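Subject: Structure handover

Dear colleague,

I am passing the structure below on to you, together with some notes on what turned up when I went through it. Please read the notes with the coordinates open beside them.

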Amino acid sequence: MNNRWAFIGELPAKVKGLVKDNGRNVVRSVIDAIYPAQVLDRDPHDPVNYAAPNEAMLLGGLSADTWGQIRFLSDEGCDMCARPLAGGIYLGAGGRCEGCTSKPFPFTRTRAACLYGEASKSLILPFKHADRTDIGPMFTQWIGRAAAELIRDCDVIVPVPLHWTRLWSRRYNQAAEIARPLARQYDKDYLADGLRRIKATKRQSSRTERAKNVKGAFMVTPAGVRRLRGRHVVLVDDVFTTGATVRACAEALMAAGVRQVDVAVIARAAPDVDAAL
Ligand SMILES: [Zn+2]
């Protein structure tokens with residue numbers, strides 16, 4: 001597993017204490033001393049292209065071409081589903097796109113750090129499927145910026161869970177890899193076992209299939225009911241495609257007495273508006 005943090009477990013207790021006491025900067029410099037800065041969008045098995053510290057530092061860990069191709073989003077488009085509109089127009093707080101007007105989601109707001117396109121996909125897929133958890137801190141930063149308001153307003157951060165069979169084969173939940181450090185950074189409660197995926201969903205294709213696949217796929221655990229009732233939750237996921245997954249999660253949360261659900265994702269898929277931006 002390509003995990004830059006794994007070595008921390010092997011450090012003597014004294015060093016661990018020092019790292020803990022002096023916080024993030026010390027961790028950063030210890031890591032920088034051992035590992036050079038890397039370009040996250042390149043293959044780590046290709047040492048010539050992978051290590052390019054200066055370029056990586058300038059562009060937050062990405063090569064210039066990938067950075068330039070990612071369409072970052074901030075407050076824009078639909079407040080409810082983060083669907084961008086041509087020209088970066090923001091409909092304002094409570095403003096809804098056509099889809100959300102005819103069929104509203106059970107959550108209130110969504111923020112996405114970027115549009116789901118070829119460049120962001122080339123980072124998200126390895127992060128999800130190829131043990132590239134080293135990309136996680138960068139995504140955490142992106143979401144932290146795009147969804148700052150939502151996170152500040154909430155009480156608890158909850159990742160969209162994987163079914164245990166998928167967690168078993170993948171070994172980590174990519175949404176939790178982002179949600180956990182976000183909660184720490186913003187000093188919010190973090191609840192990884194508040195929601196459980198009780199149906200293993202197949203790879204989905206059409207919009208209706210997606211909706212059918214995830215219907216009733218999530219339940220709020222007894223711990224979730226205890227700790228989430230009456231509270232404001234930010235749900236974290238990697239990609240917002242049709243919103244079927246976060247809809248199913250938010251339905252379960254709201255039925256369990258959660259006061260408000262907001263959604264924060266790395267990327268928003270909107271293929272039909274992509275070209276117009
Ligand atoms: Zn919308």
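To begin with the chain as a whole, residues 24 or more positions apart account for 70% of the contacts that have a separation of 6 or more; please keep in mind throughout that this is a predicted model. The chain has 277 residues, of which 34% count as buried, and its secondary structure comprises 14 helices and seven strands.

The largest nonpolar core holds 61 residues, and those that touch the most other members are Ile-143, Val-233, Val-234, Leu-235, Val-236 and Cys-249. Helix H13, residues 244-255, supplies the largest share of this core, with seven residues. Leaving aside residues up to four places away in sequence, Cys-249 touches Val-160, Leu-195, Phe-218 and Leu-235.

The other item concerns a pair of helices: the axes of H7 (residues 136-146) and H10 (residues 174-186) come within 9 Å and cross at roughly 55 degrees. Because of that angle, H7 counts as oblique to H10, and the crossing of the two is right-handed. On the H7 side the contact is made by Gly-136, Pro-137, Phe-139, Thr-140, Ile-143 and Gly-144, while H10 contributes Glu-177, Ile-178, Pro-181, Leu-182 and Gln-185.

With best regards

Methods:
Residues numbered from 1 in each chain as written. Predicted model: local features only at pLDDT ≥ 70, side-chain atom pairs only at ≥ 80, totals over all residues. Axes fitted to C-alpha atoms, helices over the stretch in contact; angles between N-to-C directions. Helix = DSSP H or I, 4+ residues; strand = E, 2+ residues; numbered from the N terminus. Parallel < 35°, antiparallel > 145°, perpendicular 65-115°, else oblique. Left-handed = near helix turned anticlockwise from the far one by under 90°. Contact = placed C-beta atoms within 7 Å. Core = buried A, V, L, I, M, F, W, Y, C linked by C-beta atoms within 7 Å. Buried ≥ 20, exposed ≤ 12 C-beta atoms within 10 Å, placed from the backbone.
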